[in-house]
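Notebook open, model loaded. I'm jotting down what I look up as I go.

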Amino acid sequence: MGGDAAVLRLRRGDPDALATLMARYQNRIYRYLLRLVRQPADADDLFQQTWLRVAEKIHSFHTSRSFEPWLFTLARNLAFDHLRRVRPGSLDEPVSADSEEETKASQLASLDLGPFEQLLAHERAGRLAVALERLPVRYREVLSLRFEEEMKLEEIATVLDAPLSTVKSRLHRSLDQLRSMLETGRTSEVRE
Amino acid sequence: MSRGNEHDEIRERLALFVAGALAAGEEDRIARHTATCPSCAAEIERWQLISGGLRQLRTPQPSAALFEGTRALAEAELAAQTERRRSRIVLTLLTVFSWTITIAGWPVFRLVTSGLLSLLDIRFRELWILFAIFSALTWVAGGSAAVLLSARRRHERRLA
């Protein structure tokens, strides 16, 4: 929330508040960045840049707004700038075939299940993670924000700086595409 | 709307239904339809497998070293930003103060020096020069004080 005590303290320059907010959001921000850029080394770098940007910009943050979408917007802008710089065209192009190896996001474990169910769930989750990684970045991000970060559509619209209708249609297309990949076993050549 | 058309339309919306991206009224309509349509009910289950899977993907975590390194850098940046902000405020206050002194100084200057001026027979143009010198000295003194104050605060922060 915008009126979060830690956010207010951070605006006054309290370093303990920064540590509190970092501890609270570290996993979610890192996961989101990793979903966008897919490479852990890039995600590490962007994670650091995001928090530096928070420290730099927190005085211009309006407490009437919600901190969480603001934070994710900072991370997103940095990640997209990075993608434009490092892999121009990656925002629209399908994922290249050279990243077929198992990545961090595809090394999944299942919940507390029996060995057989765990194996099945592990296999299913692994396929889902691989399919997710094959999607274009704009589809990956909307799925991550909705299902992993459990953001409301309005919050996603704020992060994406897009109308609600765009968020809905993108979410729909992303799910269709993901399901199509899972059902056909096709994990490449995906376009928006 | 015919039953077939409604079925097709609802089926098209099931992905968004499972994603919780529909308005309450639309959700109710879909719930009513699926209660009597086994095909759509099965379709919802298939979508739920995907949405449930997405929700349960493992959360990758930053390493402790990355967290600590980032925290140290961000704290340093925060301190620097706070310092810069304070310096800007001090500078603004000093500027306002200097202008106030300058503007308020003119009538005072005239008042104090009017008797002396008549004795020394100094013309109006020369009086402006004297006032300009006085103002310049005020600004230089104020600026120097700001620079010294800022340098001292930075030094104190480094020692802290």
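At roughly what angle do the axes of helix 4 and helix 7 of chain A cross? I looked that up before anything else. A caveat to keep in view: this is a predicted model, where local features need pLDDT of at least 70, side-chain atom pairs count only at pLDDT 80 or more, and totals for chains, interfaces and linings use all residues. Residues are numbered from 1 along each chain as its sequence is written, and chains are lettered from A and ligands numbered from 1 in the order in which they are written.

**Helix 4 and helix 7, chain A**

The axes of helix 4 (residues 67–86) and helix 7 (residues 153–160) of chain A cross at roughly 40° and come within 8 Å. That makes helix 4 of chain A oblique to helix 7 of chain A. My note on the wording: angles under 35 degrees count as roughly parallel, over 145 as roughly antiparallel, 65 to 115 as roughly perpendicular, and the rest as oblique. The axes are lines fitted to C-alpha atoms, for helices over the stretch in contact, and angles run from 0 to 180 degrees between N-to-C directions. Helices are DSSP runs (H or I, at least four residues), as are strands (E, at least two), numbered from the N terminus.

I then listed who touches whom, with contact meaning C-beta atoms, placed from the backbone, within 7 Å. Helix 4 of chain A puts in A:Pro69, A:Phe72, A:Thr73 and A:Arg76, and helix 7 of chain A answers with A:Glu155, A:Thr158 and A:Val159. By class that contact has three nonpolar, two polar and two charged residues. Here Ala, Val, Leu, Ile, Met, Phe, Trp, Tyr, Cys and Pro count as nonpolar, Asp, Glu, Lys and Arg as charged, and the others, Gly among them, as polar.

**Domains of chain A**

Chain A is divided into domain 1 (1–91) and domain 2 (95–192); the bounds come from an automatic or database domain assignment. I found 15 residues of domain 1 of chain A in contact with 15 residues of domain 2 of chain A. On the domain 1 side, helix 2 and helix 4 of chain A each supply at least two residues. Helix 2 of chain A gives the most to that side, with six. By class, the domain 1 side has eight nonpolar, two polar and five charged residues.

**Chain A against chain B**

Next I checked the chains: 41 residues of chain A are in contact with 28 residues of chain B. Helix 2 of chain A gives the most to the chain A side, with nine residues. That side divides into 25 nonpolar, six polar and ten charged residues.

Chain B itself has five helices and zero strands. Buried residues make up 11% of its 160 residues. For the cut-offs, I use buried for 20 or more other C-beta atoms within 10 Å of the residue's own, exposed for 12 or fewer, and partly exposed in between, with C-beta atoms placed from the backbone.

**Helix 6, chain A**

Is helix 6 of chain A enclosed or open? Ten of its twelve residues are buried, so helix 6 of chain A is largely enclosed by the rest of the structure. Among the buried ones I noted A:Val137, A:Tyr139, A:Arg140 and A:Phe147. A:Glu150, which follows helix 6 of chain A, has a positive phi, near 55°.

**A:Asp4**

Last, I clicked on A:Asp4, which lies in the segment before helix 1 (5–11) of chain A. A:Asp4 is partly exposed, with 17 other C-beta atoms within 10 Å. A:Asp4 and A:Thr63 are 8.4 Å apart in space, C-alpha to C-alpha, and 59 residues apart in sequence.

Technical notes. Contact = placed C-beta atoms within 7 Å.
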